[in-house]
Amino acid sequence: MRLLPQQPRARLFATSIAMTAALAACGGGSDAPTTPAPVVEATPLSLTLEKIGGYSTNQFGVSAAEIPAFDAASKRLFVVNAQLGAVDVLNLANPASPVKVGVLDATAVLAGAEINSVAVFNGIVAVAIQAPVKTDPGRMALYRASNLSLISSVTIGAQPDMITFTPDGNTVLVANEGEPSDDYQTDPEGSVSVIDVRNPAAPVARLANFNAFDIQTATLRAAGVRIYGPGATASKDLEPEYIAVSADGTTAWVTLQENNALAKVDIASATVTNILPLGYKNHGLAGNELDVSDRDNVINIKTWAGVHGMYLPDSMASYSAGGQTYLVTANEGDARAWGEDNPDYLGTQNASLGFIEELRVSALARTAGWATVPPQLRTVGTPPLAGALLDPAVFGYCGAVAGNPGTCIANGQLGRLNISWTQGYKTDAMGTPLRFNATTGLQDPAGDRLMYDKLYSYGARSFSIWDANGALVWDSGAAIEQFLSSADCKLGSARNIPCATYFNSGHDEGNALDSRSDAKGPEPEGLAVGKIGSKTFAFVGLERMGGVLVYDITNPSAPTRVDYLNTRDEWTSDPEALAIAGNLATVGDLGPEGLVFIPAAQSPNGKPLLVVGNEVSGTTAVLQLNLTY
């Protein structure tokens, strides 16, 4: 999933065959050893996805199939089953009919623990194990793929969320997310574990942390890194999510999802060398349009001045082009919402019980002032504030006037859009919030209103390509939502259901046109990269809408869409009701989470495959890449 594949041996170019014959004809003496011509995989003109098999846990909505990893020698597929807190082991010898043959259970390593992620290299399975109390240190364990025996384990950072090997297999890297407790009173440091596994029986772990950046917290904020949790320091607020590694194994990049940034890690020294802010996507520009309402019952993809998307990428992969390393991110978006299930947090306005940053525009800019909002919002200023305004100079186009948001907060306008209240309001040069008069809308030291001239939404509804220093090379812009709304897009195994009929539907809803437009849209989350011949392809899973998009990213500056397959066949009924009635199989695959590309040379059937873990339906789908030449 996270490493570029080795060159397969399946096909030879005609020129390679001719060269071999020519060398033989020339002779070199019968005693002279000859070097076989290199096997070169043919480059396809295009490809289409076809589901050829799958495995179901028959568990709905409990994340029973998340992250897959494949071992070619044993032909075994390892799939994180969060419901069990373990890894399901599937025999993939026949990709059309995977069979469960075992389970890796981490409780033997750490009682009460659960596995969050899995990776495989040459018969060794590495798993990331979260402690029963997620803020405590976790573990990394190694197993043999062939017999599932435990080799060793080692202590790592808090809440290990993703695990991968370096290309040479000598090092395991783990993103330790370090999320806070639900009341936000305990907030462990985020970190990256760098583990030497050259001797699998005795792994040696080092920790790359963010302590050196604590004194740079203000500088990082000014550069655009989101450090905003209660009492936040860089080392506690930065939350590693996903890792990509350079082809030479010297450098790792780590998504810091909630922080809208990447961390760059020197693997040899186990040191974070840089924090790279990703910036924001201006949804007021042509090409960056989006649909912002789930209540207008129409597809309305347009520009919205003043709205800026936070990329907030989840998964990431690296690849090489023109001798340079590029990073591909799925820009899912994610909000901090701690304490949201505790009614006392909002009910009693007790800031010690949680921290929620997400708010609808209609609640933020409510004409009469705030009703029920997170308590931390009220105390952004001293004395406490009572409401917020939208700057008419920016939002006048949707009805904002001085002291009144007008129709901007209507359901058919920006009112339903979820944004972060933690940024976007006017401040002085020192970062202190400016206060405004509720009636006149003018700046007033005695006023009790914030003034927002920017609204920051979650995720970019896209996938992006960045260079090794975090500079944006290409972004898919509005292309995903535009495609899903087009006549060219079809749903279902038979590709016969118009996507537009169920545009921006949720993965746990039926007959839900537009239901996710107010949030993060189709929500690109999972991502894998694979090389076939001289072409590199990105496979992007859409968590909410479902399905997998395929792009040719060989040219990082000009990717092109190749295919889309969404095997959900039942769109009108509530999936949970179908599952309760025992008819989950009729629905299809829901909520793609993790993806792994299997090149033809390693594939059990000799053809390139893509395996997708679908967390909502609890299914593992095996997709075959049918190549055209």
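Me: A cavity is a set of points on a 1 Å grid over the protein atoms alone where a 1.4 Å probe fits but cannot get out. By this rule, how many of 30 Å³ or more?

Reply: The count comes to one. This is a predicted model: local features need pLDDT of at least 70, side-chain atom pairs need 80 or more, and totals for chains, interfaces and linings use all residues. Numbering starts from 1 along each chain as its sequence is written, and side-chain values use heavy atoms, without hydrogens or water.

Me: How much space lies in the largest cavity?

Reply: About 110 Å³, taken as the space filled by probe spheres set on the points.

Me: What lines the largest cavity?

Reply: Lining residues (an atom within 4 Å of a point) include Arg568, Asp589, Asn614 and Leu623. Strands E38 (609-614) and E39 (619-628) each supply at least two.

Me: Switching to the largest nonpolar core. Which residues touch the most other members?

Reply: Phe210, Leu238, Ile243, Val272 and Ile275, out of 37 residues. Strands E11, E12, E14, E15, E16 and E17 each give two or more residues to this core.

Me: What does Ile275 touch?

Reply: Leaving out residues up to four places away in sequence, Ile275 touches Phe210, Phe213, Leu220, Val225, Leu238, Leu256, Ala261, Leu262 and Ala263. Contact means heavy atoms within 4.5 Å.

Me: E12 came up. Which order do the strands of the open sheet take?

Reply: E10-E11-E12-E13, with antiparallel pairing. E10 (160-165) and E13 (204-209) are the edge strands. E12 (191-196) pairs with E13 over six bridges.

Me: Which residue in E13 is the bridge partner of Val194?

Reply: Arg206.

How values were computed
Pairing = 2+ DSSP bridges. Helix = DSSP H or I, 4+ residues; strand = E, 2+ residues; numbered from the N terminus. Core = buried A, V, L, I, M, F, W, Y, C linked by side-chain atoms within 4.5 Å. Buried < 20%, exposed > 50% of the residue type's maximum accessible area, 1.4 Å probe, protein only. 1 Å grid on protein atoms, 1.4 Å probe; cavity = no way out; pocket = protein on both sides within 12 Å on 5 of 7 lines; lining within 4 Å.
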